[in-house]
Amino acid sequence: MWAVSTVTMLVLAGILPDFQLQSADDDSATDLAVTAALGAGAFGLLSALVWPLLVRLLLLVPALVLGLLVFFLNGSLLIVALSLVPSGDSAAAPETAVIVAAVMSAVASATGAALAVRDDDTYRRRLYRLADRRRRALPPGPSSPGTVFVQFDGVGHDVLLDAVGKGLMPTVARWLGDTPGTGGARPTHRLTPWRTDWSSQTGASQLGILHGSNHDVPAFRWYEKAAREVMVCNRPTSAAELQRRAVDRTGDPGLLGADGASRGNLFSGGAGEQALVLSIATRRRSRENRSRAGYFAYFSDPANAVRTALSFTAEVGREIGQSTRARVRKVRPRVSRGGLYPLVRAFATVVERDVVVAAVMGDMLAGRAAVYADLVAYDEVAHHSGPFSRDAEKVLERLDRALASIEKVAEHAPRPYRIVVLSDHGQSPGETFRARYGLGLGDLVRAGCGLPVPRRAGRTRSGAEARAAVRAALRRPVEEGGDQYRLQGRRSEPIVLASGNLGLVSFPDVPHRMTKEEIDARHPALLGTLANHPGVGFLLVRSERHGGVVLGAYGAEIPLDRLDEDPGPLKLFGPGAADAVRRTHSFANAADIMVNSAHDPADGEVLAFEEQIGSHGGLGGAQGKAFLLSPLALSAPVDDGEDLAGAEHVHRVLRRWLHESNGPQVPVETKPQERAA
């Protein structure tokens, strides 16, 4: 390592004009080599000894700022190292020092990895450095298996199968016994599809999976009349409140309540160890509440820090290039990918992935019984590039490599591990409602109410989960742009919110959920305008006569208790749609009008009410078909012929598996709906 670093420094000194290792009148090759060796040695020692201390101190600053400081800090260490060389003639301009330090760290990382390829002891030592230094000693004798749950955010069941078929995910293919050239290797895992709730998005799904209840979560964002505020699943204060409600309803801290770790999630699951968890982002930092503790485990290695910073920069450039190419080629459908989006994408696909995977490795090497981690990279890219795009496929390849790394670490963990991979929802393709019809859902609602429609209405914000991780890293307690949800104008005007292809219309001046009869009396044209629009699939409204009704085009009006015999407009949305709609109707926070976009079963497309060409949040297409990939050593998720439906059902399955593994002792018979709120 020292020799390679010395050669690297000599090469850079010969290339860069502002970097010198000796005075101009000293032409001794021996002196030059000795100076380079001393400089490389000093830089290596400072990186090993000083860098971890700097990172620990810099955890007080936002994570994204830390990423940008990596290059500056490395350059500063190089300048200090050169000042320690006895010759006294070594020097580098500050901007040159940044370049030299970055190249040397990258070369050192690559060299170390190459030297350790055939050295299992070295490889093991490198892995153990990721573990918590307060490693706990497990009881003597055979250890019960631990369980790692890895969530591929937004990866649908069919997308996963398609990626396996294309050879993009060799690790998953091997687990399923579908690896080419192996003659049909014996599978180690089973793949099970599961059907999401109507609100097919991370907030509802992960709350149900981790805490056993997503009751009264009708969408990604909704208006609560009792509190007169908008709840947003990826807003830290909302996430904390939703978690509190779920715990109160179930009477249980969550899936990870005993010796668990939660990494990169919206909710904690009751885990004692948490990193990048949104629901705790607003609390005061303490030893028990270190939402960004996973950063130190990763960035304490300067090579990791430089590699991630370089990858972050490369990903920003990749996104700018891909979006520019899409504009030049006039690819359709297409949404805006400018502003801060390249940074958000790079954070999701590089920083969040690297830090979360490193935290999971540390948890495994520390012997924790249960770990749940969310990787949001695919979901973020698919929103803007499309769920079947080449951009999204590249992300799937990287996710598979991350899975392979986790599997490799399991070989060196102090206990055996069972790795379960699952998704919280899929994504459905399609252009936006605004792009197809020239107006947004809010404009259509205002027109139906007889209110003036702006000539150029503003675009809705994307609710991608990656923004939640960015806000947690930046330690921002509220969602940026929160004024979007501030009530403006007269309180009699409707509030229109979008959650993918699900829209919610609420009248804030009416304290209760309005009925169809009340809405017709107040705005006679509104329900007809919405139900008959070609971009709308169906509406759900409360009814004085029937309790609740589904409205569709051409005057279709189906009471909820008759949907099984006459699904009406729900027929196009597949099995389970009627049950999902009836369940949401029972929520106190269901909007006055629930609007689901149209859906084309032939191509699976929906029309997002947000600026997304890959969307989720409502019914229709692949967004409602998630997956559960589990080891054959665990019992089957459901019996043959039984559907795995709803996030709460998935929670009960995962609890059963933890019980089977003799991990956290959680009751498998408790059902959330059996407890009163």
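How many bridges join strand E14 to strand E15, and in which sense do the two strands run? The legends below begin with that pair of strands and then move to other parts of this predicted model.

**View 1. Strands E14, E15 and E16 follow one another as antiparallel partners.** Strand E14 (residues 536-543) and E15 run antiparallel and are joined by five bridges, and one of the facing positions is Val541, which stands opposite Val549 in E15. The chain passes from E14 to E15 through a hairpin of three residues. On the next step, E15 pairs with strand E16 (residues 557-559) in the antiparallel sense over three bridges, with Leu551 having Glu557 in E16 as its bridge partner. The hairpin of E15 and E16 has five residues between the strands, and here Tyr554 takes a positive phi near 60°. Because four of the five residues of E15 (residues 547-551) are buried, this strand is largely enclosed by the rest of the structure.

**View 2. Strand E7 has parallel partners in E8 and E9.** E7 and strand E9 (residues 370-375) run parallel and are joined by four bridges, and Ser262 stands opposite Tyr372 in E9. E7 and strand E8 (residues 273-275) also run parallel, here with three bridges, and Ala261 stands opposite Glu273 in E8. In a regular strand the side chains alternate between the two faces of the sheet. Along E7 (residues 260-263), Gly260 and Ser262 point one way while Ala261 and Arg263 point the other way, and all of them are buried.

**View 3. Helix H1 has a buried side and another side with exposed residues.** The 14 residues of H1 (residues 2-15) should span 20 Å at 1.5 Å a residue, and the end C-alpha atoms are 20 Å apart, which agrees with that expectation. The buried residues in H1 are Ser5, Thr6, Thr8, Met9 and Leu12. They cover an arc of only 160° around the axis, and therefore they lie on the same side of H1. An α-helix has 3.6 residues a turn, so residues three or four places apart point the same way. On the other side of H1, Ala3, Gly14 and Ile15 are exposed. Ile15 counts as exposed because its relative accessibility is 59%, which is over the 50% cut-off. Together with Val7 and Val11, Ile15 makes a nonpolar surface patch of about 280 Å².

View 4. Most residues other than glycine have a negative phi, and most peptide bonds are trans. With a relative accessibility of 47%, Arg228 counts as partly exposed. Pro333 has its place in the loop between helix H12 (302-328) and helix H13 (341-365), and the peptide bond from Arg332 to Pro333 is cis, with omega near -5°.

View 5. In one of them, Arg245 pairs with Glu224, and the closest N and O atoms are 2.8 Å apart. Arg245 is partly exposed, with a relative accessible area of 28%, whereas Glu224 is buried, with a relative accessible area of 5%. Arg337 forms a salt bridge with Glu319, again with the closest N and O atoms 2.8 Å apart.

Conventions:
Residues are numbered from 1 along each chain as its sequence is written. This is a predicted model: local features need pLDDT of at least 70, side-chain atom pairs count only at pLDDT 80 or more; totals for chains, interfaces and linings use all residues. Side-chain values use heavy atoms; hydrogens and water are left out. The expected span of a helix is 1.5 Å times one less than its number of residues. Buried means under 20% relative accessible area, exposed over 50%, partly exposed in between (1.4 Å probe, protein chains only). The arc is that of the directions from the helix axis to the C-beta atoms. Patches are made of residues with over 30% relative accessible area and no salt bridge: like charges are joined within 9 Å, nonpolar side chains (Val, Leu, Ile, Met, Phe, Trp, Tyr) within 5 Å. Accessible areas come from the Shrake-Rupley method with a 1.4 Å probe; for residues, only the protein chains shown count as cover. A salt bridge is a side-chain nitrogen of Lys or Arg within 4 Å of a carboxyl oxygen of Asp or Glu. Two strands pair if DSSP finds at least two bridges between them.
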